[in-house]
Amino acid sequence: MGSMTFRLAVVLPMYNEAGNVVGLLERIAAVRHRSGLDLTALAVDDGSRDATFDRLIESAPRFGFLRFVRHGRNRGMAAALRTGIATALSERGPGYDAIALMDADLTHDPEDLPRLVAPIVEDRADFVLGSRYVPGGRMRGVPWARRAISIVGNHAVRRVLGVPVGDLTSGYRAARAEVFRAISLEEHGFGIQLEATVKAHRAGFRVAEVPITLGVRKSGYSKMAYTRSFWLGYARLIVGLWLNRAGDPNGCGCAWCFSRRGASSSSNSARLLLTAHTSRLVALLLGSGIHRKG
Ligand SMILES: Nc1nc2c(ncn2[C@@H]2O[C@H](COP(=O)(O)OP(=O)(O)O)[C@@H](O)[C@H]2O)c(=O)[nH]1
Ligand SMILES: [Mg+2]
């Protein structure tokens, strides 16, 4: 399939990104023009309290490829991504071939989009990660603590879950629409990215990585914080995915997933106890070590 007929929705979660909206859309417009991709920008304003929504409304006449939806109140990045993905999947006649996820703070270069979707366009992959951890991938200006946490975290999770992917948590990614139809995403925190990578791999989709450079934002502020709930959420997710590694590719290890698998109850309660206690312990250890300022 040539790129001219390739329909791509780029989901852009936005929470207080007023200073980035127009610059982002200008760069996407240039990419769209140059690449010939049939690209739609699908912004999800997640109850921003700044002028993000006003900027989107003002931008609509200028950027014909822009669509946007709004949450009445802030529901978090994972909810915004889910809304964006569901909106893209509901598009009919014709539907999108692929859906990309990209941060709206210009830390992901829109210019990388054609390279990101190329493995899908050329039918070499179903799910492509914009990766910091393959040759050519980089981080530019990212604080050392964040780098360290990401590098060590990715390494550990790769070993524990046995998923042969360098950058499991990258927020810059693209997948065939059918991948998002096949996997169920249940995480409420930033862990939704890891959840999607592991579930896509387990469901048998071909995963590829292309190098990207992750930059730092020039406008606005990061909403990621290394809080106790951040670590707790990740720990619970990782332990759950590990416990469920031989089961339903969509299962996360929670009581519901185990009961759906129909396994016997005694070993299940032991596992669930382990999940709860291990995740709390990991979260405590990690959460007490690192606190974010501001
Ligand atoms: N919709 C929505 N987007 C969010 C929320 N938190 C972060 N984002 C968006 O997700 C992307 C990444 O968030 P950011 O705060 O930059 O996190 P970081 O890149 O990990 O530091 C940006 O486009 C944000 O606007 C949220 O609560 N709701
Ligand atoms: Mg960011």
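Let's start with the sheet: seen in this predicted model, it is an open one of 7 strands, in the order β3-β2-β1-β4-β7-β5-β8, with mixed pairing. Two strands pair if DSSP finds at least two bridges between them. Strands here are DSSP runs of E with at least two residues, while helices are runs of H or I with at least four, and both are numbered from the N terminus.

The edges are β3 (66-71) and β8 (207-211), each pairing on one side only. Neighbouring strands are turned by 20° against each other on average, direction ignored. Strand β2 (residues 38-46) runs parallel to its partner β3 over 6 bridges, and Ala 41 has Leu 66 in β3 as its bridge partner.

Helix α2 (residues 52-59) packs on this sheet and touches β1 (7-14), β2 and β3, with its direction at about 150° to that of β2. Touching means contact: C-beta atoms, placed from the backbone, lie within 7 Å. Angles run from 0 to 180 degrees between N-to-C directions, and axes are lines fitted to C-alpha atoms, for helices over the stretch in contact.

Now for two helices that meet: the axes of α5 and α8 come within 10 Å and cross at roughly 20°.

| Helix | Residues | Contact residues |
|---|---|---|
| α5 | 144-161 | Val 157, Val 160, Leu 161 |
| α8 | 228-243 | Ile 238, Leu 241, Trp 242 |

The residues of this contact are 6 nonpolar, no polar and no charged. Ala, Val, Leu, Ile, Met, Phe, Trp, Tyr, Cys and Pro count as nonpolar, Asp, Glu, Lys and Arg as charged, and the others, Gly among them, as polar.

Over residues 262-266, though, pLDDT stays under 50. Where pLDDT is low, the predicted coordinates should not be read in detail.

A last note on the bookkeeping: residues are numbered from 1 along each chain as its sequence is written, with chains lettered from A and ligands numbered from 1 in the order in which they are written. In this predicted model, local features need pLDDT of at least 70 and side-chain atom pairs count only at 80 or more, while totals for chains, interfaces and linings use all residues.

Notes:
pLDDT is the predictor's confidence in each residue, from 0 to 100. Two residues are in contact if their C-beta atoms, placed from the backbone, lie within 7 Å.
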